[in-house]
Every structure is written in C-alpha cells, then in structure tokens.
Amino acid sequence: MSEIIKVDGLVKRYKELIAVDNFSMSVNEGEILGLLGPNGSGKSTTINCILSLLEFDKGTITIMGKEMSPKAYDLKSRIGVVPQEVSVFEELNVYENIDFFCGLYVSDKDERKKLVQEAIDFVGLNEFTKFRPKKLSGGLKRRLNIACGIAHKPKIIFFDEPTVAVDPQSRNKILEGIEELRSAGATIIYTSHYMEEVEQLADRVIIIDKGQLIAEGTVDKLKSMIKKSEMIKIEAKGISDEDLEKLRRLDNIFSVDYDGKYLKVEAGKGNNVVEIIRVLEEKGYKMKNVYSEQPTLNDVFLELTGKELRDD
Amino acid sequence: MMFTYYLRKTLRDKGYIFWSLAFPLLLMLCFNVTFMGPAKGEVDFEPVKSSVIVESESEFSKEFETVLSNLADSETVKNSNMGYNHAIVELLDSGSREEAEKKILDKDMEVLYLVNGEKETIEVKVGDGANMTTLMVARSIVESYRRNYTIIKDAAITAPDKIEAVMKSLSESVPVMKAKTTYLGDDGSSANVYMWYFYSTIVMGMFFNVTSGIRTVFDIQGNLSGAGMRTSVSPSKKAKILLSAFFSRYSLACAMTFFELFCMNKFFDIPVGSRLPEIILFVLIGNLFSMSLGCCFGLFTKGDENARENKATAFVMLSVFLSGEMIVQLPGLLEKSFPILNQINPATIMNFAFYRLVNYPTLTGFWMNLLKIAIATVVFLGISIMKLRREKYAAL
C-alpha cells in the first residue's frame, strides 16, 4: 500500500504549551488509521494541521506526495471532513445542508443531485430530507454531519470523534458506514478516545499523548508490546493472605487483588488460569465463576503512559 | 448555489427577520398610533401660554409678533388650513425679560420667545416641566417662521412682483403645520419629531443588520464555527464564499430597508422626498456600514456567536437611543452638553443624513453625513477583509 499522507516532525505550540511535539506519522492508502489518545492529547490539533486549518511551528505535511497548504485546492477536493461538533446550518433542511456542503466541492448541479441522494441513502436519512436539524435526534444529526462530509465522495476522510454522545444503535450504524466507505476505497483517519471503536475499526492504530507518538501498529502488535496478556477474575470465598502470597509468587503473575469475593490477577503470557486454579483447588477453595480477559488498548495505554486512556 | 443557500438561510432566520423588518414596522405602527391618534387626526392641545420679548426691533421681529398674534386668534387659526379650531398660543404680557423668566419658573407661562431683530435670531425659553406638545409648538413656530421669513425675504429681492403671491401661499401654512414637536438640530436647525421617530426607526432597522455581519463571519471563519471549518477545508475559494455569504445578506438587508421606506411613506404618510438616487445611496451605504460593523464585531469581540451578537445589538441600541429613537430631545441635549457624541454616533449621523435628504433644499449636510458613514464603512470593511482573508489560523 502506498503512503497517502505523511506527517514529519510536526510541532504546534500555543504560547508555552506544546500541543503537538515532533510528531510524525504516515497513512497508507485504503486503510483505516485509528488516532487514539485522551482528550487534549493533540489528536484534533494534528488533524487540523494536516487539513491546513492550523498554522504550525515546524514540520512538513504531504498528501498524495504534494505539500498541503490552504491553496492546495486539488488536494482539498479529495478530502472529506467529519468534525467533532455537528456542523450544519440550522436554517437549512437535511437535503439542503448536504447539497450546500457538497456544492463546495462539486459545481455541476446534476452530478451533485446524484451525489447528495447517494449520501442520503448511505446514512439512512431518506425519511428526513425535509427536516431541519433541530428536529432530528442526536444520532440522526451525527449521520447528517457525516453525510455533509462524505457526499462528494472524497478519497481521504477524517472522522474526528464522530460518535461522541451517540446512542449505541446510531454508533453501530456509523461504524458500519465507515467500514463501507473503506470498502469503497476511501482512506480513513479516525480519531477517538473510545478504544473499543478503534479496536473494532482500525487496521492500524497510533497512540498519542501530550502531542507525542506513544506507539503505533496493528491492534495485535500494540497488545503484544505490553507485558500483561490477560486479566483473570475468579469468584471464590475466604482466600487467606498466605495463599494470596503464594499466588503472587507464581511465574508471569504481575498483581493479585482480592476483595473477599473476587480474586483479580494480572498475568503475562503463559498458562496462567490453569496454574491459579490448581493452587486454589489444592487449598480446597470453592470457585464459582472464572473469567479471563484479553488486554485492551486501554491496558496498552496504561502500561505505556501510566494513566487511563479514557478520562470521561 | 452558495448565494441562494445563504439567502435562503437568512430568510429563514426568524430572529433576524423580526428585528430587522417586523420590529421596525411594528414600531412605526406604534409611533403612528401614538402621534397621529387612532383616526390619524391631530392630537389636540391647550393653547400654549407664550410671550415675546423683542430685544431689538426690525422687520423680522415685527413679522414674528404678527405671526404669534395670528396664532393667538382662534378665528384666524380656524380660517387657515392648519386643522385646528382653537388658538395655538395664548399670548401673555410678560413685562421685562426677568419677569417673564420668573413666570416660566413659576409655571405661570410655558414659552418665552426672545427675538433679536437685528441678528434675526429667536431664542426659545421653556421651563423644566415643559411637555412635548409645548416644546413641539414652540419649535415648530420658530422653524416655520424662520424658513418662511427667509423665503419671503429672498422673494422680495429676486421677484418683488411675486411677493404678494408668495406671502399668500405661505400664510396658509404659517406656522405649526402638522408637526408635533421639534428640537434643535446639530446645526441649529430644527427637526420635526414625528418624522424623526420614523427616520430613526429606519436607521435602527438597518443597524440591526450588524447581526448579519456577525453571521457572515461565523459562516466562513474556520476558527469560529464548524460550518466555517467545513467551508475552510473545501476547495472553494474563500473570497467567493465570502462574497456569496456577504452579498446574499446585504441584498436582503437593502431590500428590507426599501420595503420599510415604502411602508413608512405609503401607510404612515411620512415623506421620503423625491431624491431617489440619494435615497438608494443612503440605503446602500447604511446597510453596508452596519454589516461591516457586524463583521468587526464578529471578528474582534470574544464569546460565542450569541454573545457577540448581544454585544453588537447592545451597541446598536445605545447608538439608536442616543440618536433620539425614544427621547427625541436627546440629540439636542447632547449637542449642548457633549456635542462630539452626535458627531460620532452613527445612528445620529444617519438620522440627520436622511432628515436633511428629505427636508433640506441643499444636500451639503446630507453628503457630509453620508461621507462620515462611508469612511467608517471603508475602514471596517478593510479591517474585516484583511482578517477574513486568512485561511490558516493560529488557534481553533
């Protein structure tokens, strides 16, 4: 896959605050790249620099091999943006909004008519074309927001946290839509602080914090970068401190917590569940439920930065 | 496409249409009911207790005394075309100037005219408690007399053979006429208050377009709104979007002002004069000024769109208030105590411009006022365009 976006050594300062700190990344054609980081980590700032909306202090940004600038109209015509906020005109109805924003890219009326209808079909707003945005639910507004950003069939689409404050049904619809767009050949840059979404969608993930690249790779690769490989949770009563200490001394065990009912064990790679159950059985403890969870991107983030990814 | 959508968007903005179109028309209706009476007749009033002190005699002072005597005679007034069936003034013997002033302070008399025949000036003294009608009658008498005396004097020089006909025609309208009250204008001329309220309302309607300027800025600035961000990242040239957004609103604003002027003239019988090219220019520059002012408010004040609109509206309200929209004597009072305010207050400047356009035989005052507004417009537009040209922002 060829490199469609390349960011090299990007630095963006707001007076004393360094929002993006020597950040480099690349996006391959046709992939979904997840840009993951907590609020204020520099995700949106990076995107806005790439879009040439924000001035930056250092670095280079190229799209399709050409330097991006406010006057790079040929590049801009191939880019679609779905902003974090629902960014539509309240006085125009659904159809008119999509037509207006599509019209910024496509001047031919007939072509635009076709594209607008396709966008409406794509986001499932056929029944609401005459509705003004204030009459739409939060989820439908988000879909309209997406339709306005993709109607002109861009080659590169930036989704900036498109599912914030969206009900699960609309969220699934949006995520399915994004996958469809990728299948149709679009390259997608998806920013979020919802790790589940990024895990579900992204071919590759970049973790960003305090404007710096923390890690990048596929979800599996990122998970393999950390020591912890599973969280084991066992429901068992009356485990003594002495036996807990025995568990702690087992190989691959990083931490053991017990609240009188649930035993929680963080473990590395290996046959951990079997080992733990063997020890507890030897001591005669009765176990009810045993769970084993794989590490999440939040665990990756936690291990790499020492803090939780989601701060809301 | 963009022009049509921006126009459609503005037309559907109920708040904007209300403040810029419906509210001025409603206000005119209120003024009409208040000042014209329910049947569009005259508001009746008691004869105003008045007196004349002649400081130096001349033809000017003698004629003025004659005019006042006529107005104090109910038969003369009835037989004129003034529309009243009683005397306009009640002439009192005041004695000396000091005695007359004491009578005013004691509220035994309402108006004192100090006439200087040599200098051909009339000073009007009224008490603190003088009501609007008293003020109106006093100012109207002086204004009408001054205007008509000048015409008669000019006629005597330029066409002495026609002086009789001129005097006959003027005697039909001397003085009071249909005006309600007047106050001294910025150059010592007087303004008819009834018209002034309406003109001020037209200016207010135009000035409410500051919100249109703010919305234009918010629609295209990527650092101010999501929609602005969308337009900024699009391949459409910013100048094109700016022109569409600005001129769609500007043309609507001008159309609304013309409609208000039409209604004012057609339904409320307020004269707009016959100088159509100047009226058009007045409307075009007035709206351009308010929109460019709005752009500056949108670009240089802090807060969200509503906060910036509130600040601009507050500024407009203050400006319009100081121009006499609610208290018609205010510009006159300011002229005496703080004249610079009248010189820089855009609403007052615009009001005077229109008043002069309609009522004055020469347009020098009109052009001077319009020039001030045009210069301010150029400055505001220049600053706005320089800022709006930016396509990349330091912060979002």
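Modeller: Of the 312 residues of chain A, 52% count as buried, meaning under 20% relative accessible area with a 1.4 Å probe and protein chains only. This is a predicted model, where local features need pLDDT of at least 70, side-chain atom pairs count only at pLDDT 80 or more, and totals for chains, interfaces and linings use all residues. Residues are numbered from 1 along each chain as its sequence is written, chains are lettered from A and ligands numbered from 1 in the order in which they are written, and side-chain values use heavy atoms, leaving out hydrogens and water.

Chain A has 11 helices and 14 strands; these are DSSP runs numbered from the N terminus, with helices being H or I of at least four residues and strands E of at least two.

Now let's zoom in on a helix pair. Helix α5 (residues 138–150) of chain A packs against helix α6 (residues 168–183) of chain A at an angle of about 15 degrees, and their axes are 9 Å apart. Axes here are lines fitted to C-alpha atoms over the stretch in contact, and angles run from 0 to 180 degrees between N-to-C directions. So α5(A) and α6(A) are roughly parallel to each other, a label for angles under 35 degrees.

Who touches whom? On the α5(A) side you'll find A:Gly139, A:Arg142, A:Arg143, A:Ile146 and A:Ile150, meeting A:Ser170, A:Lys173, A:Ile174 and A:Leu181 in α6(A); contact means heavy atoms within 4.5 Å.

Terms used
Angles under 35 degrees count as roughly parallel, over 145 as roughly antiparallel, 65 to 115 as roughly perpendicular and the rest as oblique. Buried means under 20% relative accessible area, exposed over 50%, partly exposed in between (1.4 Å probe, protein chains only).
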